Amino acid sequence: MTTIHKLCAGAGLAAIIAASGCVSVLPEQPEPRAVYQLPDPEALAELQTNVVIREPDATRLFASRKIISQSEDGGFKVVPEVAWAERATRMFQITLLDAFSNSSAGLAVDDVTGVSGEYELYWRVTQFALRGTEGVCQLQLTLLDGRSREPVAQHMLSASSEAPGPGDLVRARALADAGRQCVEKAAVFIAEKAVDREEIGED
């Protein structure tokens, strides 16, 4: 936790009320030794129709560039020497967009483009932290109808990856790999549930 100290000086109560000057002194954050992002997906899913992929929701604990470690008693702390290359939620979104084949009938679409799709993914990062030498990831997915925004399918998935040692750099890589596995599982779920309804109607 960053502590903010306020140093105020005044010549007396009247002077303080009239014009007081305060200076905020913030401890300087150390530069991380290394920054990481989620590895590229190892397998690409095939979409039948267009799906809009939103940036996932997450608590501030899991949404920032900070890499988090969870102790046995459930407490969280920042791992100081490593960080994500960008905010974790945006990193998850970009990796999921890259988890689908560009040659399939449908495409995964970044929501910032404003392009609509037959489906839309609302999702949440519910766990993304280190537990000792193990990286743990958990995602909650809700696939919505692109027009009515009614839920079509929901799923909770998780993944973990064990680091080969206790160092912060290898542990950060293990957490990144757990995130990659979660994204790949999410892509498979979306590809299975996001069916082309026009083809169903023709059948």
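Let us start with a charged pair: Arg54 and Asp111 form a salt bridge whose closest N and O atoms are 3.6 Å apart, where a salt bridge means a side-chain nitrogen of Lys or Arg within 4 Å of a carboxyl oxygen of Asp or Glu. This pair links distant parts of the chain, 57 residues apart: Arg54 sits in the loop between strand S4 (51-53) and strand S5 (57-58), and Asp111 in the loop between strand S8 (108-110) and strand S9 (119-131). Helices (H or I, at least four residues) and strands (E, at least two) are DSSP runs, numbered from the N terminus. Arg54 has 31% relative accessibility and counts as partly exposed, and Asp111 is partly exposed too, with 26%. Here buried means under 20% relative accessible area, exposed means over 50%, and partly exposed lies in between (1.4 Å probe, protein chains only).

Before going further, a word on what you are looking at. This is a predicted model, in which local features need pLDDT of at least 70 and side-chain atom pairs count only at pLDDT 80 or more, while totals for chains, interfaces and linings use all residues. Residues are numbered from 1 along each chain as its sequence is written, and side-chain values use heavy atoms, with hydrogens and water left out. The pLDDT is the predictor's confidence in each residue, from 0 to 100; its mean over the protein chain is 87, and 83% of the residues reach 70 or more. Residues 1-27 are another matter, with pLDDT below 50; beyond near neighbours in sequence, this stretch has 22 contacts in the model, a contact being heavy atoms within 4.5 Å. Where pLDDT is low, the predicted coordinates should not be read in detail.

Back to the charges. The structure holds 10 salt bridges, and another of them joins Asp110 to Arg90, with the closest N and O atoms 3.1 Å apart. Asp110 belongs to strand S8 and Arg90 to helix H3, so this pair ties together parts that are 20 residues apart in sequence. Asp110, at 13% relative accessibility, counts as buried.

Helix H3 (residues 88-97) deserves a look of its own. Eight of its 10 residues are buried, so the helix is largely enclosed by the rest of the structure. Among the buried ones are Met91, Phe92, Leu96 and Leu97. Phe92 touches Leu38, Pro56, Trp123, Val125, Phe128, Cys137, Leu139, Gly179 and Val183, leaving aside residues up to four places away in sequence.

Phe92 also leads us into the largest nonpolar core, which has 46 residues; Trp84, Phe92, Leu96, Phe128, Leu139 and Ile190 touch the most other members. Such a core is a set of buried Ala, Val, Leu, Ile, Met, Phe, Trp, Tyr and Cys residues joined through side-chain atoms within 4.5 Å. Helix H4 (residues 168-193) gives the most to this core, with 11 residues. In soluble globular proteins, nonpolar side chains tend to be buried together.

Helix H4 carries charge as well. Arg180 is found in this helix and is buried, with a relative accessible area of 7%. Its salt bridge with Asp177 brings the closest N and O atoms to 2.7 Å. Being three residues apart in H4, Arg180 and Asp177 are separated by about one helical turn. Salt bridges that share partners join Glu42, Asp177, Arg180 and Glu184 into one network. Arg180 also touches Leu38, Pro39, Asp40, Pro41 and Glu42, again not counting residues up to four places away in sequence.

Now to the strands, where two strands pair if DSSP finds at least two bridges between them. Strand S7 (residues 76-84) runs antiparallel to strand S6 (residues 66-70), joined by four bridges, with Ser69 partnered by Lys77 of S7. S6 and S7 form a hairpin with five residues between them, and Gly74 in the turn has a positive phi of about 95°. Lys66, in strand S6, touches Val78 and Trp84, not counting residues up to four places away in sequence. S7 also runs parallel to strand S3 (residues 34-36), through three bridges; there Tyr36 has Trp84 as its bridge partner.

One last stop is Arg149, in the loop between strand S10 (134-145) and strand S11 (151-162). Its phi is near 60°, a positive value in a residue other than glycine, and Arg149 is partly exposed, with a relative accessible area of 42%.
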